[in-house]
Amino acid sequence: MFRILLIDDDNDHATLIEELLTQDDPSVEVDLCGSGRIALERLGEMADRGGVMPDLVLLDVNMPGLNGFDVLRRIKGDPRLAILPVVLLSTSRRSTDVETALRHHANSYICKSPDFDQFERTIQHLRHYWRDVVARNTMAVQP
């Protein structure tokens, strides 16, 4: 199972991304969080209970309350969560946003394309890439 925590305040966007991530791949499980605060609470509870953590966190940048950069800083600043790979998704193409994401240890920053076909390809590539990375790392630590 490849577990993704998707944090996005826009339910329509989140549902679309979830559908693209799970399309033709029953091994992908997506957990949706509608705010950064809820996601951080959920991750903290998982860490405290020794629960199964997500293999990947997909994080929208533009959210009310805690924005994606705030959530990223808190994830990477928490020793229990810092190892989680975090990919930021945004419509912003500003270089300062990309620099901020990377400065705070995002594993990647992906611009949401307004062209649906391109957006679909991007999400599919993202899923394949990270699922393969996680699989390789899991095999590397097995005896």
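This is a predicted model: local features need pLDDT of at least 70, side-chain atom pairs count only at pLDDT 80 or more; totals for chains, interfaces and linings use all residues.

**A strand residue and its surroundings**

Modeller: Leaving aside residues up to four places away in sequence, Ser-90 touches Val-61, Asn-62, Tyr-109, Ile-110, Cys-111 and Lys-112, where a contact means heavy atoms within 4.5 Å. Ser-90 itself belongs to strand β4, which comprises residues 86-90. Helices (H or I, at least four residues) and strands (E, at least two) are DSSP runs, numbered from the N terminus. Ser-90 counts as buried because its relative accessibility is 0%; buried means under 20% relative accessible area, exposed over 50%, and partly exposed in between, with a 1.4 Å probe and protein chains only.

Residues are numbered from 1 along each chain as its sequence is written, and side-chain values use heavy atoms, with hydrogens and water left out.

Helix α4 spans residues 95-103, and Asp-97, Thr-100 and Ala-101 are buried in it. Viewed down the axis of α4, the buried residues lie within an arc of 100°, and therefore they line one face of the helix; the arc is that of the directions from the helix axis to the C-beta atoms. The cover over these buried residues of α4 includes α3 (68-77), β4 and β5 (108-111).

Just after α4 comes His-105, with a positive phi of about 75°. This positive value occurs in a residue other than glycine. His-105 is located in the loop between α4 and β5, and it counts as exposed because its relative accessibility is 56%.

Another residue with a positive phi is Asp-24, at about 60°, although Asp-24 is not a glycine. Asp-24 sits in the loop between α1 (11-22) and β2 (28-33). With a relative accessible area of 73%, Asp-24 is exposed.

Helix α3, already named as part of the cover of α4, contains Arg-74. Residues up to four places away in sequence aside, Arg-74 touches Leu-40 and Leu-66. Arg-74 and Leu-40 are 34 residues apart in sequence, and their C-alpha atoms are 8.0 Å apart in space.

The whole protein may now be considered. The protein has 5 helices and 5 strands, and along the sequence they follow the pattern β-α-β-α-β-α-β-α-β-α. Among contacts between residues at least 6 apart in sequence, 65% join residues at least 24 apart. Of the 143 residues, 45% count as buried.

As to overall dimensions, the C-alpha trace spans about 45 × 35 × 25 Å along its principal axes.

Finally, the protein has 16 positive and 23 negative side chains, and the centres of the two sets lie 6 Å apart. Here Lys and Arg count as positive and Asp and Glu as negative, while His and the chain ends are not counted; the place of a charge is taken as NZ of Lys, CZ of Arg, CG of Asp or CD of Glu.
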